[in-house]
Amino acid sequence: MAKILIVEDNALNVKLFCDLLAAHGHEARPVTDGRFALDQAREFGPDLVITDIQLPHVTGLDLIRLIRDDEKLKHVPIMAVTAYAAAADEERIRAAGAQAYVSKPISVAKFVAQVNELLGIETADRKTPAPQAT
Ligand code: MN
């Protein structure tokens, strides 16, 4: 079981992501306001952060940078979820410090596969490379 912080302002997506992760045995904590996400992450100590990019008040890109600059959180993997699927956006998301990117509306299989891969990278023997997504 992993602790996963979900930063998402859309209530339907919050429910979908939380239900999906709970069904896979994870403890998901939602944050719907990006302004509170960093404090929630510090307090929760997640194994993975999943963040929407289009958030009110604080963009997901800014949040990713804040997490990467945080002494306690900088090694926590981040998966971005966004409706904008342009390649330039993916580059900006990865440049900000996210390891993975899933476009909305999500494919459940891809969402779960990315979550497992990111958690595997953090928890598996580092001498054994994680399988590459295809
Ligand atoms: Mn949003």
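1. The sheet is open and has 5 strands in the order β2-β1-β3-β4-β5, with parallel pairing, where two strands count as paired if DSSP finds at least two bridges between them. Strands β2 (27-31) and β5 stand at the edges with a single partner strand each, so one side of each has no neighbour in the sheet. From one strand to the next the twist averages 20°. Here axes are lines fitted to C-alpha atoms, for helices over the stretch in contact, and angles run from 0 to 180 degrees between N-to-C directions.

2. This is a predicted model, in which local features need pLDDT of at least 70 and side-chain atom pairs count only at pLDDT 80 or more, whereas totals for chains, interfaces and linings use all residues. Residues are numbered from 1 along each chain as its sequence is written, and side-chain values use heavy atoms, with hydrogens and water left out.

3. The secondary structure of the protein chain comes to 5 helices and 5 strands, and from the N terminus on the elements run β-α-β-α-β-α-β-α-β-α. Helices (H or I, at least four residues) and strands (E, at least two) are DSSP runs, numbered from the N terminus. Of the 134 residues in the protein chain, 45% are buried, the cut-offs being under 20% relative accessible area for buried, over 50% for exposed, and partly exposed in between (1.4 Å probe, protein chains only).

4. Within the sheet, β1 and β3 run parallel and are joined by 4 bridges; I4, for instance, has L48 in β3 as its bridge partner. Helix α2 (residues 37-44) packs on the sheet, where it touches β1 and β2, and its direction makes about 175° with that of β1.

5. Helix α3 lies across β1, β3 and β4 (78-82) and runs at about 155° to β3. The buried residues of α3 are G60, L61, L63, I64, I67 and R68. Seen down the axis of α3, these buried residues fall within an arc of 160°, so they line one face of the helix; the arc is that of the directions from the helix axis to the C-beta atoms.

6. D9 lies in the loop between β1 (3-7) and α1 (11-23) and Q54 in the loop between β3 (48-52) and α3 (60-68), so the pair ties together parts that are 45 residues apart in sequence. Both are partly exposed, D9 with a relative accessible area of 35% and Q54 with one of 31%.

7. K104, in the loop between β5 (100-103) and α5 (108-123), is buried, with a relative accessible area of 18%.

How values were computed:
Contact means heavy atoms within 4.5 Å.
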